[in-house]
Amino acid sequence: MGSVLSYSGLATKIRAMQSRLITDHQLEEIVQLPDVPQVAAYLKKTPEYANLWTSLDENSLHREQLENLLRNSIFQNFSRLYHFAGQEQRVFLELYSTRYEIRLLKKIMASLFDHRNIDPVDISPYRDFFRLHSKLDMDRLTACPSMEEFVHALKGSEFYSPLAKIQERGTPLLFDYGMALDLSYFSRIWKMRKRLFTGNDQAEITKVYGEKFDLLNLQFIQRSKVCYHMESTDIYALLIPVNYRLKKEEIRALTECETEEEAAAVFDRTWYGDKYRSINGASLEEFYNLIMRTLLEREARKDPWSIAVIHSYLYHKEHEVNRLIIALECVRYGVEPGEAMRYIHSN
C-alpha cells in the first residue's frame with residue numbers, strides 16, 4: 001500500500017505527460033512539411049510544445065536553435081517529475097540525471113578536441129536545469145581552453161577520477177574519455193542499486209539496467225570487431241563489468257569469434273537470442289532500442305507503482321526528441337517522407 005501511496009500523484013502526472021508525446025501519425029505529417037520553420041509552427045500547436053513555445057517566432061528559428069529547444073524539453077519535463085516526486089523517487093531521479101551531466105561533458109570535450117571550434121559550448125538552454133540538479137560549475141567547465149584544465153576543473157566530482165586515469169595514458173582519444181565516463185556511471189548504478197533501493201524498485205532497476213548493460217555490451221562487441229577490427233584484449237577492457245542474462249562464457253565466445261556468422265550462431269544461443277527471436281531489428285542498435293522500449297513499457301504496465309513508470313516515461317521522452325531531430329534533418333535535406341519514416345523507425 002505504501003508503494004501505491006508514494007507513487008499515486010507522480011503516476012497520475014506521468015500519465016498526463018505521456019499522453020502529450022508526439023505520435024507516429026504526427027511524425028508522418030511532420031516529414032511531409034516543406035521546411036524547418038513549418039516544423040516549428042506545427043510543433044507549436046501540439047499539446048507537448050504549445051505552452052512552452054507560444055511566444056517563439058518560428059520564422060526566426062534555425063535548425064540548431066530548434067534542436068536545442070527540443071533537447072531542453074527533456075530537462076524541463078525531468079524537472080516537473082522531480083517537483084512531483086517524493087524522497088524515494090528523487091533518489092532515482094538524481095542518479096538518472098547523471099546521464100545528462102555526462103552528455104554535456106561529452107559535448108564540451110568534443111569541442112575541446114575539435115581545434116577548429118573556437119567558441120565554447122553554449123549551455124544557456126540548460127543552465128537552469130543544471131543549476132537545480134547538478135553540483136558541477138558548467139560555466140567554468142565550458143570556459144576551459146584545454147582537456148588538462150577541463151579535467152582539473154572536475155576535481156572533487158565523481159567524474160574526476162575516471163578522466164584523470166585516462167589522461168595518464170599519454171595521448172588518449174575523445175572516445176577513451178567518453179567510454180571512461182560511461183563505464184564509471186554504469187558501474188556506479190549497479191553497485192548502488194541494492195544500497196539505495198528496496199523491494200519492487202530494486203527489482204525493476206536490476207532488471208532494466210541489467211538487460212540494458214548486456215545489450216550495450218553486445219552492441220559494443222559487434223561494433224568493435226566489425227567497424228574497428230579491435231583485438232579481443234582491447235574489447236574486454238572496454239566492456240561494462242556487469243553480467244546479467246549474458247554469461248561470461250558467452251561474452252568470451254562473442255568477443256573471440258572469427259566471423260560474423262559464428263558470432264550470430266553464438267548470439268542465437270544466448271538468453272537474448274532465444275527470447276527475442278521474434279523481434280526483427282536491422283542492426284544491434286535497432287535491436288537494442290526495440291528491446292528497451294518493449295521492456296520498459298511492459299514493466300511500467302505490470303507495476304505502475306514503481307520506478308519503472310518513471311524510467312519508461314523518461315525513455316520515451318528522450319526517444320521522442322531523438323526522432324523529432326531526425327525528422328528535422330530529413331525535412332531540411334528534402335528526404336522523401338517514406339524514407340524519412342524508415343530512418344525514424346530504425347531509431
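This is a short walk through one protein model, from its overall build down to a few single residues.

Okay, first the ground rules. We're looking at a predicted model, where local features need pLDDT of at least 70 and side-chain atom pairs count only at pLDDT 80 or more, while totals for chains, interfaces and linings use all residues. Residues are numbered from 1 along each chain as its sequence is written, and side-chain values use heavy atoms, with hydrogens and water left out.

So, what is it built from? The protein has 20 helices and zero strands. Both kinds of element are DSSP runs numbered from the N terminus, with helices being H or I over at least four residues and strands being E over at least two.

How does the size work out? The radius of gyration is 21 Å, close to the 20 Å that the globule rule gives for 347 residues, so the protein is as compact as a globular protein of that length. That radius is taken over C-alpha atoms, and the rule is 2.2 Å times the number of residues to the power 0.38. If you want a box around the C-alpha atoms, think roughly 55 × 50 × 50 Å along the principal axes.

Buried residues make up 50% of the 347. When I say buried, I mean under 20% relative accessible area; exposed is over 50%, and partly exposed is in between, using a 1.4 Å probe and protein chains only. The accessible surface comes to about 17800 Å², and 50% of that belongs to carbon and sulfur atoms. Those areas come from the Shrake-Rupley method with a 1.4 Å probe, and for residues only the protein chains shown count as cover.

On to contacts, meaning heavy atoms within 4.5 Å. Take the contacts between residues at least 6 apart in sequence: 65% of them join residues at least 24 apart.

A quick word on charge. There are 45 positive and 49 negative side chains, and the centres of the two sets lie 6 Å apart. Lys and Arg count as positive, Asp and Glu as negative, while His and the chain ends are not counted. The place of each charge is NZ of Lys, CZ of Arg, CG of Asp or CD of Glu.

Let's go into the core. The largest nonpolar core has 112 residues, and L43, F150 and I310 touch the most other members. A core here is a set of buried Ala, Val, Leu, Ile, Met, Phe, Trp, Tyr and Cys residues joined through side-chain atoms within 4.5 Å. Which helix gives the largest share of this core? That's α19, residues 307-332, with 14 residues. As for L43, leaving out residues up to four places away in sequence, its contacts are I22, I30, Y49, A50, W53, L70 and L324.

V309 and A11 are 298 residues apart in sequence, yet their C-alpha atoms are 7.0 Å apart in space.

H311 is also in α19, buried at 8%, and it touches F92, Y96, V208, Y209 and L296. Then S312, in the helix as well, is buried with a relative accessible area of 5%; its contacts are L296, E297 and A300.

From there, let's jump to α1, residues 2-18, where we find S6. S6 is partly exposed at 25%, and it is in contact with E88 and Q89, leaving aside neighbours within four places. Between S6 and H311 there are 16 Å, C-alpha to C-alpha, with 305 residues separating them along the chain.

Over in α16, residues 260-268, sits A265, partly exposed at 33%. A265 and H115 are 150 residues apart in sequence and 44 Å apart in space, C-alpha to C-alpha.

One last stop: H229. Where does H229 lie? In the loop between α13 (199-226) and α14 (232-237). Most residues other than glycine have a negative phi. H229 is not a glycine, but its phi is positive, about 50°. And H229 is exposed, with a relative accessible area of 61%.

That's the tour, thanks.
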